[in-house]
Every structure is written in C-alpha cells, then in structure tokens.
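Colleague: I would like to learn how to read a protein model, one feature at a time. Could we go through one together?

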Amino acid sequence: MLFAVFLPVLLAIFIPYLSKWKENIHTGFFVLLAPLAIFIYFIFSIGNGFDPVWQKYQWIPSLNIGFDFYLDGLSLLFVLLISGIGTLVTLYSIYYLDKSERLDQFYVYLLLFMTAMFGVVLSDNVYVLYTFWELTSISSFLLIGYWNHREGSRYGAMKSMLITVFGGLSMLGGFILLHLVTGTTSIQEMIAQADVILQSDYFAAIFAFVLLGAFTKSAQFPFHIWLPDAMEAPTPVSAYLHSATMVKAGIFLVARFTPIFSGDEWFFVIVSGVGILTLCWASYMAVRQTDLKGILAFSTVSQLGMIMAMLGFGTKTAIYAAVFHILNHATFKGSLFMVAGIVDHESGTRDIRKLGGLATLMPISATLAFFGTFSMAGVPLPFLNGFYSKEKFFTAATELPETSIWLAELLQQAIPYLAVFGSIFTFVYSMYFVFGTFTGHKQLEKLPAKPHEAPIGMLLSPMILVLGVVVIGLFPNMVNSTFLAHTAEAIYGKPVETHIKFWHGWITPLFMSIAVVVFGAILAYTRKGWQGIYTFLPGKLSFNKAYDFIVDQLEKSSARITNRYMNGSLRRYMVLILTAILIGAFSTLWITDGFALDTSDIASVTIHEVVVAVAMAIAAISTIFTRNKIAAILILGVVGYGLSLLFVLYRAPDLALTQLVVETITVALFLLCFYHLPNLREQTELASQKFTNVAISVGFGVLMTTVAISAHSTKGFETISDYFLEKSYKLGGGDNVVNVILVDMRGLDTLFEIVVLGIAALGIYALIKLRNKKGAEK
Amino acid sequence: MTRSNDLILRTMTVLIAFILFGFSIYLFFAGHNKPGGGFIGGLMTSAAIVLMYMAYGMEAINKVIPINYRVLTAIGLTIAVATGIGSFIFGEPFLSQTFDYFHFPIFGELELATALLFDLGVYLTVIGVTLTIILTISNDRS
C-alpha cells in the first residue's frame, strides 16, 4: 500500500524528463498508467469476504508518527473513486489540453494531488492524515492557479487556499487535542476510546475544530464560496478535484470520525443542520448562475450538503444512502463536468445565455448530459442511479433518530420539508443546465467557435462514467453487499444489510419524489417568470462580498495598526520601549512586593560627597534646560569629572584615572561632531509630548532609584570580593586587585572588551574612509 | 595642521611628550601593584602622540612614527589572544596566568608575571584604537 500511495509522486519526479524525451507523445499517456495500476490493485479487494487491512511503516517513531495505512470499506470506496476517476480524468485531459500548454507542470501537480488524496483516505495516523490533507490544499491551489496569467485563476486559487488552510489548521488543533486526550495517534485506537473522548473536557473544542476542517474542505455553508471561484481551473481539474475527490475529503473525515462523534447529541444538530442548509442554499443559488461550471459548482456544493446531512442523521438507512450517494455523485458529476468542458472546448464559451440548441450538433455529448442531469435530479427512472440514492435520502429524512434537544426536535420537523425543497431546486437547475445548453434556439452567431462533436478520446471518459450511472441504475444490488455494505459498516460500526429496490410501493418517499418532479417541472418551465426573486434574495447580500470585505479589512486594519505604532519616529519607539519597561518593572515590584528598605548597612555621608553630588545634580539639570548644544556638552563634562572625583572619594584610583581620560576624549569627540553638524531645525515639541517626556523620565528615575534601594537593602549572600582581596597577591602576584581581576581572574572579559574597541575603531575607519562617494558630494 | 609659528607649543611638546611617555610606561608597568595598567597606560601614550600631532602636524609625525595604527590594534589583539592560547602548552585552561621571581643583574630581585604580556596586548590595542579613531576623524577632508 505504501508503494501504491507514493507511486504517483514517484512518477511525478520523472514527468519533466518524460515530456522532453518523447515530445511527440502527449505526456498524459505516461501518467495514465499510475492511477490505472492502482485502480486494478485495489479493485481485487472488493468482495463479500472483505476484511480491513492494516499496514504500518515507520516515519518518526519517537513521536508516534508513522505511515500507518488502514484499508477498510470506507477508504476502499474513496481509493477506488480517486484512482478510477483519476484514470478517466487523465484520459480526458489528454484530449482536452493542447500540447502547447505546460503539460509537465499540470501532470506533476495532478500526480502530487493523487498521492495526497490516497494518503488522506488511507492514513490511520492523524498527523500523517493532516500532512496529506495540507498537501491536497497545496496541490489544489497549484491546479486552480494553473492558468496563472488570468486574474480570476489567481483570485480563485488564493481564496480556496485561504479557506481550506484555515480549516486545515483548525483541524490540526482538533487532532492535537485528540492525541492529548487519548494518548494515541491512531484513528482506530481513538475510536476504541470513544467514551474517553466523549467525556473529556476538551470534547467541545475537538468537535468544533475537526468539523471546521471538514466543513471548509467540503465547501459547506458558509465556507462554500471558494468552490465556485475554483471553477477557473482547467475542466479536468474541476471534474476531478471539485466534484469527485478533494471536496469529498471533508465528507470522508466526518464519516471517519462518526463512530466517535455520533455519541454526542449535538452531532446530529450541527452536521445535518449545516448539511441541509447547504443543500437548500446551494441548490437555490445554482439556478441563478449563467456559467455552466458555475451551475455545476453550486450543484456540487448542494450534493455535498445532502451527503453531509445524511451522515448527520446517523441512522442505518441514512449512512447507507450517504455512501451510495458518494459513489453516484462521483459518476454523474464527473461526467457532467466533462460534458461542460467539451461544450466549452468546442463552442468557445460556457455562458448558458449564449448557448442553445446544441443537441443536433453534438448529439453524443447531449445524450451523455441528459443521462447525467436526470440522474442528478433524481428523476424516477429505473436506469439512473441518482434516483435510488435520492429515494434513500427521503426515506432517511422521514426516519430520523430519537433526540432530546429541542433544537434537534425542531430540525427533525423541518428536515423532510427542507429535503424536498432542496430537491425541487436540484431538479430545476438540472433541467436548466441540460435544456438551456442543448435545446432551444441555436445562437451560432454569438459563439466564438463553430461547435461540432468532440473527438472520441474526449468523449470516452464521460461515456464510461455514464455507463457507470446506467449499470448501477439497472443493477443497484451489484455494488451492494460486495462493496457499499463494507463502507457503511465502517462508518456505522455494525453490519448494514440493505436491499435496493426500484419500486417500494405507495409510501411517503415516493410521494416526495413525485412532488419534486411535479413542482420542479413547473418551476423549471416558468423559470424566467420568477427569476426576479434573486434580486431580493440574496440581492446584494452575498458571502463573497463578506469574504472580500473580511480580507480587505484585515489587510487595511493591519496596515493601519502597523502605521500607528511604526511611524518611523525614533522618539515614538523610545516612548514605547521605556513605557513597556516602566510598566513591566513597576508591576513586578508591585506583584512580588519587592520594595525593601534597610538602613542598617549605610555608611555615613561626608561633606565632600555632598558637594560633589550637588554639583553633579546642578550640572545634570542645567544640561536639560540649556538651549545651546555646545554648552550642554560642556556641562555634561562637569558630570563626568564629578564622577571621577567621586571615584577618587570612594578610593577607586584606576577608575578615576580612566574616567578622567575617557571623559575628556568623549567631550572632545562630541564637540567635533557638533562642530561639523549642519544647522538643524529647532525641534518644536507639543505640550502633550513634553508632558509624556517628563512623565516617562521622572518615572524612570523613580524606578531606578527604587530598584537600587531595594537591591541594596536585600542581600541574598555574601559578596565574593573578600576572596579577591585575599587571593590577589597569592594567586595573581599583584597588589592592585582591580588590575589582577582585569588581566588574571577575569581576563576573558578584558580580552573581549579590547576586541570591542578594535571593532569600534575599524567601524569608524570604514564609515569615514569607505563611504559612498556620491553621498559625500552632497 | 600646522598654521602659524607656534614655537612655544612645539618646544613645550618636546618636553611634555617625553614626560607623558615616561608616565605612561610607568603606569603600564606599575599596573600590577599600583594604580595603572594597560588601559590607562595606552590612553596616556596616545595622549602624548596626539599632542605631537597637534604641535607638528600630520606629515612630520607620520615620518617620525611610521606606524599603521590599525595594524597595531591587530598586533595587540594577537598578543592578548596568544597569551591565552599559550596556557594550553602547559596544559592549563585558556588565559591562565602565572608569575615568579627572578634575579636580574642590575635590577635585583624582580617579579615577572605572564599577566604583563596580556596587559601589553591591551596596551597596544588601546593605542591603536584611540589613534585610529582620532586620526581618521581629523584626517577627513569632506
């Protein structure tokens, strides 16, 4: 299984070489082999005696992360869909994409996506599942933006990326919580511990995070907005990713975690509530679209909502119907996308207002479209598979589970009606799609190209899919016990035995179906009459606008916030930094009750010290108030010399000497700088700014004084100076303790200080000698 | 830098510079037992050289003391690091210092410490740095 999962990506490595090696052969033919081989490999797993297969490969054993592949009925259904439709889509793309396109890139992305999808459905390890999940997002991003010279493609790719990655990340959060709660990374072992998860404190968060991931990926309300914009992708991509595989990843995730989550009563409310809302809203919106692929996109959203709703019901019938509909939807929706692509390819437009009467020009495509749309609409004909799953859906909608939450009871009352409502609109847009394109007036003058029937290679894939529609329609029990029963069992937990019949007798679901057909036909026929309703609902409201508004506002407000505090003024940054230090230090002092005052250890004050200190204080204060800069520097020198006097008074001759010389040099350098400075404009400060400055500097002075007093008053331990005094001569051979410390005991500090000096000198040399000559001329 | 006839300054400089040199060398050697050391010694020497530059001007002094002070900085740093590495030869940790007493013909009993070598590095670096900075800035013609 490991090889099967990674076969596409291995092949992807060689695609660029293959496409250059045989330039006259379309690269797609090489690609075709990979999904076909995988399909054949997995098709043999189908059968009555199917048992789950578990294969483990190590990746990061220390973190409990490994490629653990688990093949049960659920993953088998998805693996077969991915590989089967992957084969057909590759075949279709060979005829759809011209050799002048960048084929190697297209197939590399497509193969990458296949591996990612196989990984998602087969992984048993949550982190590996997440890895593949994000890989599907990335490869889908690349595929949607394949024609990256188009504005719309880039917009659509960006939008889908933002929304699905948002969901993917929240899903990762859910997975991490699951791992913490259960202590295992394996999904099957988590299912075994379902009780632990249900009773944990984090259950609500896990539930919300994982479902958010599933809903964004599967384009559920209100995250469905990325899917219609993803229609800018090449049609094979739309057919593959956005009808059959990637958008069902969220469905897969919900199905996979159903054994855990369905223990909670809110599961029904949220999953089926969101699902049924998506079904109604998207089928309602689909009738409004004028783009063929736009109709199909909203149609996909609504069908996904229907499947999600059935998973939410959680009854035996509903699960079986959901599984059945996953298969059916993949067959007819894939074929419809391909037909839409053919129409686009042959007539040059996808705008349904320009199309019409193509049935005589493109008879085969028209036939295929009729089968696909009638199956999608659930027209009660015995050779269409869509009818069976829709009938099962109605059956499930009338047999909802017991519940005690009032919201769930309310929802149960509404679901049968909402189901019929959504299905009526499904019928309407199906008819709109097929009759609008293939019947009515021919408007050949509006079309960019003269339409004619597509080549056989392009028709082959939709034919096979429609063949699937008809075969499953005629012999629905063929896929029943050998295949779908295993899938349903994997979700439901218990064996699911169902016999599918066309005729059930006069029961409620049949009346619902009849109502759908009758009302749907009336509404479809009178569509032009009531289409004005869309100007009122949704009217100007749309989730796209909300999305655009949010993205726009996020960018604007982050720019605003950044401009607010990053205004380029050094003064502002100083204010911010010092205020932060003040707040941090004072609150620490406050919280830890750190202020201390201890006067026992204080030496007596001599008159010399007082005189020097007062002189320094006067000098410091007058530095602030003087207007003349040169005077300020000279007065600052007084402070420096005062300090060196203090060093003398406190018996630090080395420090006094050094301070004296360094102060002289500093003052000289300052004078030099200011002598050369141009006459700067006097900086006028506002009164409020002055107040801030004064407040902060006073605050800082108070802070440092407080800290110094507290630090002096609290001595944790004896100082080390006695050791130095005692050992200086014995160990260092010198009487000058300061110097012995500098060169002997702490020589390393001195070494790096002279390195600092050297670097400073080199820096000044470089600044002056090597400056830009152009700048110097100014 | 020479402008008018500053004879008094030049005459005094000859005297004062020698006194300063002497004082700085005293500070350097006295460092181990009295106030002083490589740092302040280096600063004093630089002061003497700066005084000479002020009195006699750039060209004259560059001829008398043909030293590239950036190279001097490098030499000082090398000496300081080398004394540190030298302790490896005796199997000691980096920058271990030692000292002993020796008998010299004229000076009599004297103490010699390896710390003095390290201080020499500091001394040379400080001279190099100070003069590099001052000469670079004062030489700048723009």
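**Reading the features**

Modeller: This model is predicted. Let us begin with one residue and its contacts: His486(A) touches Gly47(A), Asn48(A), Phe50(A), Gly73(A) and Ser481(A), leaving aside residues up to four places away in sequence.

Colleague: Where does His486(A) lie, and is His486(A) buried or exposed?

Modeller: His486(A) belongs to helix 20 of chain A, residues 480–492. Buried means under 20% relative accessible area. The value for His486(A) is 11%, so this residue is buried.

Colleague: How do I read a pair of strands? In which sense do strand 1 and strand 2 of chain A pair?

Modeller: Look at the direction, then at the residues that face each other. Strand 1 (residues 53–60) and strand 2 of chain A are antiparallel, paired over seven bridges. Tyr57(A) stands opposite Phe67(A), a residue of strand 2. The two strands form a hairpin with four residues between them, and Asn64(A) in the turn has a positive phi of about 65 degrees.

Colleague: Which residues lie on each side of strand 2 of chain A?

Modeller: Ile65(A), Phe67(A), Phe69(A) and Leu71(A) are on one side, with Gly66(A), Asp68(A) and Tyr70(A) on the other. Both faces are covered; seven of the seven residues in this strand, 65–71, are buried.

Colleague: Now a helix. What span should helix 3 of chain A have?

Modeller: Helix 3 runs over residues 73–96 of chain A, 24 residues in total, so at 1.5 Å a residue it should span 34 Å. The end C-alpha atoms are 33 Å apart, which agrees. Of the 24 residues in helix 3 of chain A, 23 are buried.

Colleague: Which residues touch the most other members of the largest nonpolar core?

Modeller: They are Phe42(A), Phe175(A), Phe257(A) and Phe313(A), in a core of 201 residues. Helix 15 of chain A (residues 316–347) gives the largest share of this core, 18 residues. A second, separate core has 19 residues, including Leu751(A), Leu27(B), Ala80(B) and Val126(B).

Colleague: Which residues of chain B does the "transmembrane region" annotation cover?

Modeller: The unreviewed UniProt entry places it at residues 7–29, 35–55, 67–90 and 110–137 of chain B. An annotation can be set beside the model. Residues 7–29 of chain B are 100% helix and 0% strand, with end C-alpha atoms 33 Å apart. Residues 110–137 of chain B are 82% helix and 14% strand, and their end C-alpha atoms lie 42 Å apart.

Terms used: Residues numbered from 1 in each chain as written. Chains lettered and ligands numbered in written order. Predicted model: local features only at pLDDT ≥ 70, side-chain atom pairs only at ≥ 80, totals over all residues. Heavy atoms only, no water. Buried < 20%, exposed > 50% of the residue type's maximum accessible area, 1.4 Å probe, protein only. Contact = heavy atoms within 4.5 Å. UniProt positions renumbered as here; feature names shortened; annotations may be inferred. Pairing = 2+ DSSP bridges. Expected span 1.5 Å × (residues − 1). Core = buried A, V, L, I, M, F, W, Y, C linked by side-chain atoms within 4.5 Å.
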